[in-house]
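This report walks through a structure from single residues up to whole chains. Please keep the sequence and the coordinates at hand while reading.

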Amino acid sequence: MNIKSSRRDFLKGSLATGAMLVIGLNSDGVFAAGTADATLNPFVKISGDGNLTVILKHIEMGQGTSTGLTTLVAEELDVEWDKVKTEFAPADVGKYANLMMGMQGTGGSTSIANSYLQYRKAGAAARDVLVRAAASKWGISPSEVTIENGRLKAGNKSAHFGEVIAEAAKLTPPAEPILKKNSDFKLIGNRKIHRKDHISKTNGTAIFALDVKIPGMVYAVILHKPQFGAKLKNFDASEAKSIKGFIDAKALPTNEGVAIYANSTWNALKARDAITADWDLSAAEMRSSDQMFNDASALLDNPTYAVRGDRETVRKANMEAAQKLEVEFRLPFLAHAPMEPQNCVIEPTKTGVIVHDGCQMPTLVQQMVADILGLKTENVLVNTVYAGGSFGRRANPTSDYVTEAAMAFSLLGGKTPVKLVWSREDDIHAGYFRPLAVHKVSVGLDNQGAIVGWDHRIASKSIMKGTFLEAMAVQNGIDNSSTEGCADTGYEIPDMSVGLSDFITPVTALWWRSVGHSVTGIVMEVTMDMAAKAAGEDPVDFRLKLLPGNTPAQKRMANVLKMAADKADWKKPLPAGWGRGIAVHESFGSFVAEVVEISTNGDDIKIERVVCVVDCGLIINPDVVTAQIESGVGYGLGAAMRNQISFTDGVIDQSNFPDYEPLRIADIGKIDVYQVKSDEAPSGIGEPGVPPSGPALINAIADATGKRVTYLPLSENGISFV
Amino acid sequence: MNYKININGTTKEVDVEPGTPLLWVIRDALDLTGTKFGCGVASCGACTVHVDGNPVRSCQTFIEDVGDQDVITIEGVNGKVANEVQKAWQQLDVVQCGYCQSGQIMSAIGLLSETPNPTDQDIDDYMSGNACRCATYQRIRAAIHLASKNLEG
Ligand code: FES
Ligand code: FES
């Protein structure tokens with residue numbers, strides 16, 4: 001596949017021709033059958049040669065949805081796995097909405113959870129019409145027709161799907177097609193099937209937005225504002241004129257940057273280095289990190305919002321407690337730093353544009369681009385391609401890099417295709433960080449070591465306030481993403497109060513893989529460990545007492561915790577200089593417990609092994625689940641070890657991987673993942689591996705060295721890793 | 001300025017300025033997009049290609065220094081080691097987002113060409129310049145061992 005053919009395929013996809021059976025939602029939201037020219041936006045396409053293509057309403061950014069959604073359809077159709085193809089859906093909220101979001105988007109670890117029944121139904125609807133079409137062709141009853149390895153069969157009769165699609169397209173599937181029994185699953189739960197993208201991503205043919213090239217395309221980079229809240233006063237591009245290939249430079253209408261155009265990425269980057277700009281800093285963030293943390297901490301004397309419990313009651317209980325634990329946590333801003341720096345291509349069409357993007361929220365992007373370019377939304381087409389990671393970054397409420405591209409495209413006259421490319425430095429500086437957070441926790445214990453009160457105060461920048469999601473996600477001023485995983489903890493804590501204050505800064509904040517849980521997982525599980533120590537109890541036993549099994553969630557949380565302790569030989573003594581730590585956390589409906597084992601040589605710490613147990617309900621692709629836990633563990637550990645976005649006088653200290661150092665292969669030993677067998681509804685898997693990893697490491701370091709870290713990253717506490 | 005470049009077994013002519021990193025020559029001028037841009041400062045390995053058989057970071061290799069050396073990208077890599085590495089990657093489903101993986105594979109081929117039977121430590125040392133934000137490291141290690149085993153057998 002080359003770029004041009006992928007573009008042709010996209011155009012062909014929207015104006016498909018040739019014999020085709022499609023199964024898609026009709027205007028009543030029910031699966032219907034039709035031909036390619038029907039007004040259905042399909043979920044399933046079967047071509048004249050009998051081949052099946054599954055249309056993916058969710059983006060593939062590594063998390064395995066292209067495999068997962070395809071499995072659901074293929075299971076119901078009993079087709080040969082290796083022959084099934086995939087395609088990304090166009091933007092159409094009516095047809096391809098995330099059923100848990102009410103908009104078309106991928107995030108919150110919801111892809112499988114919201115698609116599980118929908119995609120199976122699409123497959124079952126296709127099966128229904130194919131089987132009935134074959135039955136009428138052969139003059140027998142549909143109950144006599146079976147499907148094996150993608151072929152329709154009855155006695156000695158056999159046909160491939162393509163032979164009956166014309167007939168099948170005329171039939172109406174039942175509104176509730178009959179789904180397979182779990183015991184008949186061949187693909188769901190099958191560890192042996194391969195990822196759908198395992199070949200194209202090992203031979204260089206997988207197409208990402210950065211790989212899209214349109215004839216006549218120019219390359220744009222942005223000279224971004226040097227700090228948050230800065231506005232462009234003026235710029236000087238005279239030096240850039242001597243750079244060969246430089247085309248032009250224009251101020252963005254937002255005054256947040258200068259668009260620089262050239263005939264290649266490199267020439268655009270070189271031109272940017274030659275351009276100088278003056279900025280108005282009067283509304284800019286000028287603080288340094290220490291100051292920001294101190295300001296956030298000061299907000300906690302008197303939290304603005306009471307989120308849970310009565311603080312006075314808890315304080316009283318703690319006052320009378322036999323022992324009291326007071327801990328402050330400081331967690332830094334974090335960049336997502338997906339491997340593919342943000343970029344996209346805007347291509348003009350007769351009536352509008354095509355946005356080529358590893359697009360996480362297609363209908364939002366469509367709306368934003370339509371607004372900027374003064375187009376009708378239906379004239380903005382979104383060609384979703386593979387995304388080189390995201391971890392939340394691509395889905396942001398202003399679609400920042402796509403709107404920059406649309407502005408750059410418009411400034412150039414709206415006739416020339418424009419590819420906007422961010423460098424790694426742009427990515428590290430562009431904001432939409434996991435927000436900085438300060439937590440103060442005070443825990444009272446009685447003389448038996450039981451918790452009598454837990455007062456928890458949180459200061460963090462709200463992710464949702466001021467965005468279009470505010471109405472949905474903020475209640476009574478409380479942004480759930482600041483408190484999730486804490487105020488709603490599964491632990492049975494007799495008296496718990498949670499207060500919240502919003503930390504205000506122009507630095508933009510966003511969901512970072514596991515969102516609020518990336519913070520609360522650390523705070524809750526490190527505090528729990530400290531409380532266990534104060535109580536003189538084993539950390540696992542101490543937690544289990546707080547998980548008596550009064551709710552299904554408590555049972556599942558206790559179960560993964562016990563299993564992890566068991567698989568990691570929790571009570572078995574370790575060699576001298578070694579330590580281990582445990583943590584358990586529920587997020588996105590899934591439960592994960594992790595044990596981190598480390599060794600020290602007196603100076604450096606080495607992560608020897610991580611044992612994980614995950615309960616994410618019914619598992620569609622066991623190997624993808626394992627991979628996502630491995631990935632989440634690595635992502636969480638790397639950040640806890642040494643990542644932070646810090647500021648000096650309002651300017652970010654980091655700029656690229658050398659100072660925002662990602663986890664490296666040598667940093668991490670073995671990761672053993674165990675899965676709980678479950679028939680519960682499938683829940684999230686892309687994110688839940690993250691929250692327990694950091695605290696399990698911090699607890700392991702305390703175990704091995706006695707050093708207790710609550711200000712992250714670990715590297716800022718004199719801790720180094722080998 | 002015009003340069004001749006030996007790329008994936010053929011000679012091509014490109015018109016780029018001196019100082020242009022090989023990465024951007026490959027991607028923008030030669031339209032070979034399997035080689036990726038991740039950092040531009042030799043810190044991630046996404047841009048790894050082979051120059052005269054050795055893995056190099058193409059973002060820090062400049063067009064004027066390439067001369068008549070043979071440049072091989074993920075699209076052009078072949079031979080026994082390359083095949084086994086790609087097969088092992090596929091068999092173990094190493095990839096996630098996949099963006100780093102061309103570079104990982106080009107480095108792994110370099111490693112196995114030098115050290116047919118690497119230990120975990122050899123792998124960690126050799127591969128430490130190839131970052132993977134999806135943290136597929138455990139599988140990368142396993143795939144290199146698998147390829148090594150299959151090359152022996
Ligand atoms: S792009 Fe060359 S090493 Fe990162
Ligand atoms: S697979 Fe995503 S960065 Fe490596």
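## A buried glutamine in chain B

Q101(B) belongs to helix 4 of chain B, which covers residues 101-114; helices here are DSSP runs of H or I with at least four residues, strands are runs of E with at least two, and both are numbered from the N terminus. The relative accessible area of Q101(B) is 0%, so the residue is buried, where buried means under 20% relative accessible area, exposed means over 50% and partly exposed lies in between, with a 1.4 Å probe and protein chains only. Leaving aside residues up to four places away in sequence, Q101(B) touches K201(A) as well as W89(B), V94(B), V95(B), Q96(B), C132(B), T136(B) and I140(B), a contact being heavy atoms within 4.5 Å.

## Basis of the values

The model is predicted, and for that reason local features need pLDDT of at least 70 and side-chain atom pairs count only at pLDDT 80 or more, while totals for chains, interfaces and linings use all residues. Residues are numbered from 1 along each chain as its sequence is written, chains are lettered from A and ligands numbered from 1 in the order in which they are written, and side-chain values use heavy atoms, with hydrogens and water left out.

## Chain B as a whole

Chain B contains six helices and five strands, and along the sequence they follow the pattern β-β-α-β-β-α-β-α-α-α-α. Its radius of gyration is 15 Å, close to the 15 Å that the globule rule gives for 153 residues, so chain B is as compact as a globular protein of that length; the radius is taken over C-alpha atoms, and the rule is 2.2 Å times the number of residues to the power 0.38. The C-alpha trace spans about 45 × 30 × 20 Å along its principal axes.

Of the 153 residues in chain B, 60% are buried. Among contacts between residues at least 6 apart in sequence, 57% join residues at least 24 apart.

## Chain A as a whole

Chain A comprises 18 helices and 31 strands.

Buried residues account for 63% of the 722 residues in chain A, and 74% of the contacts with a separation of 6 or more are between residues 24 or more positions apart.

## Helix 8 of chain A

Within helix 8 of chain A, residues 311-319, the buried residues are R311(A), V314(A), A317(A) and N318(A). Viewed down the helix axis, these buried residues fall within an arc of 125°, so they line one face of helix 8; the arc is that of the directions from the helix axis to the C-beta atoms. On the other side of the helix, K316(A) and M319(A) are exposed. The cover over the buried residues includes strand 15 (323-331), strand 20 (437-445), strand 21 (451-460) and strand 24 (496-502) of chain A.

## Backbone features in chain A

Most residues other than glycine have a negative phi, and most peptide bonds are trans. S109(A), a residue other than glycine, has a positive phi near 50°; S109(A) sits in the loop between helix 3 (93-96) and helix 4 (111-138) of chain A and is buried, at 14% relative accessible area. A337(A) also has a positive phi, near 45°, and is located in the loop between strand 15 and strand 16 (343-348) of chain A, where its relative accessible area of 0% makes it buried.

What kind of peptide bond joins L712(A) and P713(A)? The bond is cis, with omega about 0°, and P713(A) lies in the loop between helix 18 (693-705) and strand 31 (720-721) of chain A.

## Two further buried residues

T65(A), in helix 2 of chain A (residues 65-77), is buried with a relative accessible area of 3%. Residues up to four places away in sequence aside, T65(A) touches L56(A), H58(A), I59(A), E60(A), T70(A) and S111(A).

G150(A) is placed in the loop between strand 6 (146-148) and strand 7 (151-154) of chain A and counts as buried at 14% relative accessibility. With the same exclusion of residues up to four places away, G150(A) touches D78(A), V79(A), E80(A) and F161(A).
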